[in-house]
Amino acid sequence: MDSDLDRSRTTLEGHENKGFVGENPSIPGQFRWSTVIENGVPVHSDGTRDRRHSRGGDSAVTKTVTDSSTTSLENGEDDSGKGRDQWGKGIEFLMSCIAMSVGLGNVWRFPFIALENGGGAFVIPYIIVLLLVGKPVYYMEMIIGQFSSRGSVKVYDCAPAMRGVGYGQLFSVTSLITYYSSLMALIGSYMYNSFKDPLPWAHCRAEWGPDCVNASAKQLILTNDSEVDATNRISSSELYFKRVVLKEIDSIHDGIGLPDWQLTLFLCLSWSMVLLILIRGVRSAGKASYFLALFPYVVMGILLVRACTLPGAINGIIYFLKPQWDKILDPSVWYAAVTQCFFSLSICFGNIVMYSSYNKFRHNVQRDANIVTTIDTLTSLLAGCTIFGILGHLAHVVGSTDVGSVVKSGAGLAFISYPEAIAKFDFLPQAFSVLFFFMLFVLGIGSNVAMTSCVMTVIRDQFPKVKNWHAATGIAICGVALGSVYVTPGGQYILTLVDHFGASFIALVLAIAELITIGWIYGVDRLCKDVEFMLGTRPSLYWRLCWKWFTPLLMAAILIYNLVSLEPLTYQGYVYPNIAYDIGWLIAAVGLLQLPIWGTIAVLKQDGKNWTEKLLNAFRPSQDWGPIDSNLHQEYKKFINEDC
């Protein structure tokens, strides 16, 4: 028994100034393998003892044991984060971030947000917002995720009283997931029907009445040699979307109806794809990221080449890029720029924190943050030129000089305007339709995988015994059940309501709370020290000013503008009943109340002689905050203490 006690091993974690410490001062960027102490002698991982050490009991300083291939650690190949999934390669993380950030918003939302807010002039505030909000927040979330190897909830161990931010963002992401998959079901339905010849939305049906106009028509309808007012006519593509695909009802006063069986099948298909990709967690998601990130660019390239060869395409591109300088000082334009950048990059939803938490500790996240945010912006511009090239051709074939007159924004953009433009193609419209909707489906899957992974990570962080496929299967089943609400005849009404109250409004408030937590409570100085320890370099003045001042102030201004200009929510002119608004505000309250609820819980759990001490401790990093690897954690504690 005494022999066993004598040979008991003591690790570094939690034992300052005892046993093994470095002979050299702590060097940020250098990783040292775990070494245990046996009878006061360092023991290597192969069982051999290191006799080269000074004696002196607890204060003994021993020789640092380093791996022979230190250079591999500079490339991010360390063993930090043992027991937690990691990306197979750094490129998989980058591709996954691209697949997450480059999504449906780039292809159909950005072009028309830009058009409605000054065309080419919109790009100027958008780029400024990207530099002051997009890049700094993206980089900040990558830092705290990779540094702590924690998901979007546990990452707030840096300030336990603010853990409600993580739970609120989790609720917001869950709200997004419930309806995002229903959009995938609509896209899947169109992709399936794109194989039919002729395209089912290209021609009118008898039951649609005399006001229907064939989407494939290449000239304006004339009556008595005079042009018919466009407001009296409805395109077959619009009627197909509303009456055949959605089976949409005029109001929800009498209920939303039952789920459509065809859309329900495509809903199950979309969740099945997400489940297959996430069956092994980030390991399988990383392999799928190559296809999810790269394939959409192949299709966009094909569509761009095709668009540029169509008559009238150049007019559409000019219409998209032509600045309307009178709008550049309009506050609504800047608000649109912030919201577009915010949702396009998926910042402040927890997804970026989650993905980066699976990185190796020394991975260069600053490089990846710059790459992803730049690619996202270029993709939006590329998609805008492609789409407006096609719509310019659409205006040409119907004889209109106003490209904007052939456009329907919102959901109608992807499911009405684009299909109508494709229906007018002379050469293989089915092929281009299949490619277009398959591209949208892949973009949607990439974003949905990221959001679902975020929820999975929180579950597995809280319950480590839960396996990846258990969590993924449970989320998929719940996703199908909740998503079936959106494939009913009144589903679009519910989608608009949940998107406004459960995603947009909550996300904006929680984003400000996140920026205050990291930039002020945890502190920019402490964050910079973390970066210096992790990457060996200190963030520049640009990053520090954005994290502490520019970004939170700009986001606060946007929130104030949003509240001042708040108007009753409507869907295509339909005013919701009061019960719908009550439900909407209840959804928002559930997300926002996470802040005081978890803040109170954190204070109650803190050690302290009085309530003031408990309160102060709740806003300080927890005892185990820092790198998850025990050796790195010990070095980090020394680094912070020495720096102080």
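**Exercise 1. Determine how many disulfides the structure holds, and state the handedness of any that is found.**

Step 1. A search of the whole structure, which is a predicted model, finds one disulfide.

Step 2. The partners are cysteine 204 and cysteine 212, with an S to S distance of 2.0 Å. A pair of cysteine sulfur atoms counts as a disulfide within 2.5 Å.

Step 3. The torsion about the S-S bond of cysteine 204 and cysteine 212 is about -90°, so the disulfide is left-handed.

**Exercise 2. Describe how helix α6 and helix α7 cross, and name the residues that make the contact.**

Step 1. Two packed helices are described by the angle between their axes and the distance between the axes.

Step 2. Helix α6 spans residues 163-193 and helix α7 spans residues 236-245; their axes come within 13 Å and cross at roughly 115°.

Step 3. The crossing of α6 past α7 is right-handed.

Step 4. On the side of α6, the contact is made by Leu186, Ser189, Tyr190 and Asn193; on the side of α7, by Ser237, Tyr240, Phe241 and Val245.

Step 5. Sorted by class, this contact of α6 with α7 has five nonpolar and three polar residues, and no charged residues.

**Exercise 3. Examine the backbone at proline 198 and at leucine 428.**

Step 1. Most residues other than glycine have a negative phi, and most peptide bonds are trans.

Step 2. The peptide bond from aspartate 197 to proline 198 is cis, with omega near 0°. Proline 198 is located in the loop between α6 and β3 (212-213).

Step 3. Leucine 428 has a phi near 45°, which is a positive value in a residue other than glycine. Leucine 428 belongs to the loop between α14 (411-423) and α15.

**Exercise 4. Characterise the second largest cavity by its volume and its lining.**

Step 1. The structure holds five cavities of 30 Å³ or more. The second largest cavity has a volume of about 80 Å³.

Step 2. The residues lining the second largest cavity include Asp85, Leu278, Met354, Tyr358, Ser453, Arg460 and Asn468.

Step 3. With four residues, helix α15 (residues 429-462) gives the most to this lining.

Technical notes
Residues are numbered from 1 along each chain as its sequence is written. This is a predicted model: local features need pLDDT of at least 70, side-chain atom pairs count only at pLDDT 80 or more; totals for chains, interfaces and linings use all residues. Side-chain values use heavy atoms; hydrogens and water are left out. On a 1 Å grid over the protein atoms alone, a cavity is a set of points where a 1.4 Å probe fits but cannot get out, and a pocket is an open set with protein on both sides within 12 Å along at least five of seven lines; lining residues have an atom within 4 Å of a point. Grid points are joined across faces, edges and corners, and a volume is the space filled by probe spheres set on the points. Helices (H or I, at least four residues) and strands (E, at least two) are DSSP runs, numbered from the N terminus. Axes are lines fitted to C-alpha atoms, for helices over the stretch in contact, and angles run from 0 to 180 degrees between N-to-C directions. A crossing is left-handed if the near helix is turned anticlockwise from the far one by less than a right angle, and right-handed if clockwise. Contact means heavy atoms within 4.5 Å. Ala, Val, Leu, Ile, Met, Phe, Trp, Tyr, Cys and Pro count as nonpolar, Asp, Glu, Lys and Arg as charged, and the others, Gly among them, as polar.
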